[in-house]
Amino acid sequence: MADADRDRWDSRHAAAVAAGADGIAPPDALRGRTELLPPGGRALDVACGRGAVAVWLAAQGFAVDAVDVSPVALDAGRRLAAREGVPVRWLLHDLDAGLPDAGTYDVVVCQRFRDPARYPELVARIAPGGLLVVTVLSEVGEGPGPFRAPAGELRAAFGALEVLHHVERDGEASIVARFSGSASTSARR
Ligand SMILES: C[S@@+](CC[C@H](N)C(=O)[O-])C[C@H]1O[C@@H](n2cnc3c(N)ncnc32)[C@H](O)[C@@H]1O
């Protein structure tokens, strides 16, 4: 990522911090279906922002790695985790270089960060029986845009997993899917 782009993200996060009111929350795609989460283990929050989801996962008992390119966002996440009294491992990392390689996870969340080049790596990071939770901006219900997923993108990318929930509407697309653990799952190749 170019320095100017990272500075832009830092500024956006700084403005949100100044506005206050950061709190913890489950991933949007799991609202009303948090029972789909495995009982515990490791969780990865990709492009975690100021940590609302990462800290929520830690509060559920997961050992969380949270990745973002913005130091301002990660500092806000650290403060949120301290306030909630939970540990999170914060990883300053540019996803343009790929996902950090730290093994597999029982939960992989990627919310409102869309890079189709990373989709196979998201799948590769899911442990057998683990859950993938993705939400991206979508063209469905909104129209074309440079950062929006065309209709069907998430199902095409992740449909080889066991899809438990999928929705595209009002400018957003979400998928919740489980990796059965079958070595023949083509999405992991
Ligand atoms: C729209 S925010 C979403 C944050 C969080 N996932 C949420 O749902 O609130 C997108 C996040 O992606 C991060 N980001 C953008 N490009 C990135 C990159 N190349 N590597 C790592 N993080 C990146 C930004 O810093 C920002 O925190």
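This tour goes through the pockets of the structure and the ligand, one selection at a time.

The structure is a predicted model, in which local features need pLDDT of at least 70, side-chain atom pairs count only at pLDDT 80 or more, and totals for chains, interfaces and linings use all residues. Residues are numbered from 1 along each chain as its sequence is written, and side-chain values use heavy atoms, with hydrogens and water left out.

**First stop: the largest pocket**

Please select Trp9, Ala47, Gln111, Arg112 and Phe113, which are the closest to the centre of the largest pocket among its 32 lining residues. A pocket here is an open set of points, on a 1 Å grid over the protein atoms alone, where a 1.4 Å probe fits, with protein on both sides within 12 Å along at least five of seven lines; lining residues have an atom within 4 Å of a point. The volume of the largest pocket is about 1,200 Å³, a volume being the space filled by probe spheres set on the points.

Next, colour α1 (3-19), α2 (52-59), β2 (63-68) and β4 (105-111), the elements that each give two or more residues to this lining. Helices (H or I, at least four residues) and strands (E, at least two) are DSSP runs, numbered from the N terminus. With 6 residues, α1 gives the most. The lining comprises 14 nonpolar, 6 polar and 12 charged residues.

**Second stop: the ligand**

Now display the ligand, whose space is the largest pocket.

Select His13: an N or O atom in its side chain is 2.8 Å from an oxygen atom of the ligand. At Leu95, a polar backbone atom is 2.8 Å from a nitrogen atom of the ligand. At Gln111, a polar backbone atom is 2.7 Å from a nitrogen atom of the ligand. The ligand taken alone exposes 600 Å², of which the protein buries 85%; these areas come from the Shrake-Rupley method with a 1.4 Å probe.

Finally, select Asp28, Ala29, Arg33, Thr135, His165, Val167, Arg169, Asp170, Glu172 and Ser174, which line the second largest pocket. Its volume is about 160 Å³. Both β6 (162-169) and β7 (172-178) supply at least two lining residues, and β6 gives the most, with 3.

How values were computed
Nonpolar A, V, L, I, M, F, W, Y, C, P; charged D, E, K, R; others polar. Polar contact = N/O pair within 3.5 Å; in protein donor to acceptor, adjacent residues only side chain to side chain. Sits in = over half its atoms within 2 Å of the grid points.
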